[in-house]
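Student: I want to learn how to read the surface, the packing and the cavities of a protein model. Where do we start?

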Amino acid sequence: MLNWASRFSICCFLDNQLYQAPHHSFECLLAAGATRQFQATAGQALDQLAAFHQADPDWLFGHLSYDLKNELYPLQSQHPDGIGFPDLFFFVPEYLLQLSETELRIGMAGQAAGTAEQVFNEIRNTALPDNSNAPATTPVSIHHRISRQDYLDTIRRLQQHILRGDCYELNFCQEFYAPDTTIQPLAAYRALSAASPNPFAAFYRLDHRYLLCASPERYLKKTGDRIWSQPIKGTARRDRNDPAVDEQNKISLQESSKERSENVMVVDLVRNDLSKVCTEGSVQVDELCAIYSFPQVHQMISTVSGLLPEGHSFVEPIRASFPMGSMTGAPKLRVMQLIEQYEQSRRGLFSGSVGYITPEGNIDFNVVIRSLLYNAATRYLSFPAGSAITFYSDPEQEYAECLLKAEAIQKVLQEL
């Protein structure tokens, strides 16, 4: 399916990689081609998106960039952005493929060529890409936007802000990047998925800009009047060679007071965000500090849900909760100000979200982390990583956590 879709200049492939996680909807969704599209800069983007959907309800696929925060809070971003995704972009697909455990549904817009059967046969007959005549992948030389020492010094300065009471917790990110680099995005996504399959994976192309995403985290899902958010805070390394050590790492994560406190702080932030738009008393914590295991890491995940009042659209919970608390910290405005002050590159689509809106106004969006971003026109490649900083954080351990999160992507780049 993805090989077939890669010929389109706009496509979005969302894959749960066979995970049967709570609130699972589709095995994968593929939107290819665009019959209509909507792009906006932070300002009135969410209202305009709602109007675009309401005027002609249909499936929409696309993204919310982290810089959409500038519409929701008095913020601006001055740092460089080497990738260049717009603040908000959605498209109505020409072809929509929905794959469940038992069937494949193929939907086509009126101007789409062929029949569903012809599309199915095209997909079945699509050969794996032959890269023998493709532009060569150049050796990837990875740079750190922030040096190790500057990172450690910055964490200590952030801890002084926490000590003074400016904030409680802050998600601080650093960028790993490679200029003047040529890669084959589809081959890189296939390698990343093989190395690190995760339930909110995505291959997203918008002309010359690509997102290759191996995210384990859901930002927000809405089905009818029920909404869910599943923030992640807490990470431990997997040991696939020694099951006993691997199990001990999992237990240590479960019992870590530091990791639990970080997770609980984000859960409180999400509860507060959802309470702004949910029916009074309906917001609840369905699961607190549960441990889920993925190929590279164990993660601590909580689930928060609530009920929307009648007549509320998908825009209200997004407006109340974006950017997601797991990628900011608390209190949200102050930590985003500090993020702008201390980070050295614009997050762009990283820390944003990719997902879909159904004709009925239901949504499901991921958190864009564990991702490789690539601009084929400028040959710029980027993969940021971050961690939650509290007063009790060990700067050396936080730096090691960032390296761990970037490890799967670095391995993929080295093997391309």
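Tutor: Start with accessible area, which here comes from the Shrake-Rupley method with a 1.4 Å probe. Keep in mind that this is a predicted model.

Student: What does the accessible surface of the protein chain come to, and what share belongs to carbon and sulfur atoms?

Tutor: The total is about 16900 Å². Carbon and sulfur atoms hold 48% of that surface.

Student: What percentage of the residues is buried?

Tutor: A residue counts as buried under 20% relative accessible area. By that cut-off, 57% of the 416 residues in the protein chain are buried.

Student: How do I judge the overall dimensions?

Tutor: Compare the radius of gyration with the value for a compact globule. For 416 residues that value would be near 22 Å; the protein chain has 21 Å, so the two agree. The C-alpha atoms fill a box of roughly 65 × 55 × 45 Å along the principal axes.

Student: How many helices and strands does the protein chain have?

Tutor: There are 11 helices and 19 strands.

Student: What share of the contacts with a separation of 6 or more joins residues 24 or more positions apart?

Tutor: A contact here means heavy atoms within 4.5 Å. Residues 24 or more positions apart make 75% of the contacts in that set.

Student: Now the cavities. How many are there of 30 Å³ or more?

Tutor: A cavity is space where a 1.4 Å probe fits but cannot get out. The structure holds 7 of 30 Å³ or more.

Student: Which residues lie nearest the centre of the largest cavity?

Tutor: Asn16, Phe26, Pro199, Phe200 and Asp364 do, out of 24 lining residues. Two or more lining residues come from each of β1 (10–15), β2 (28–40), β8 (200–206), β16 (353–357) and β17 (363–366). The volume of the largest cavity is about 270 Å³.

Student: What is the lining of the largest cavity like by class?

Tutor: Count 13 nonpolar, 7 polar and 4 charged residues.

Student: And the second largest cavity: what is its volume, and which residues lie nearest its centre?

Tutor: The second largest cavity has about 210 Å³. Its lining has 23 residues, with Met327, Ile369, Arg370, Gly386 and Lys405 nearest the centre. The elements giving two or more residues are β12 (232–237), α8 (257–275), β19 (380–389) and α11 (395–415).

Student: Which element gives the most to that lining?

Tutor: β19 does, with 5 residues. By class, the lining of the second largest cavity has 10 nonpolar, 5 polar and 8 charged residues.

Methods
Residues numbered from 1 in each chain as written. Predicted model: local features only at pLDDT ≥ 70, side-chain atom pairs only at ≥ 80, totals over all residues. Heavy atoms only, no water. 1 Å grid on protein atoms, 1.4 Å probe; cavity = no way out; pocket = protein on both sides within 12 Å on 5 of 7 lines; lining within 4 Å. Points joined across faces, edges and corners; volume = space filled by probe spheres on them. Helix = DSSP H or I, 4+ residues; strand = E, 2+ residues; numbered from the N terminus. Nonpolar A, V, L, I, M, F, W, Y, C, P; charged D, E, K, R; others polar. Rg over C-alpha atoms; globule rule 2.2 N^0.38 Å. Buried < 20%, exposed > 50% of the residue type's maximum accessible area, 1.4 Å probe, protein only.
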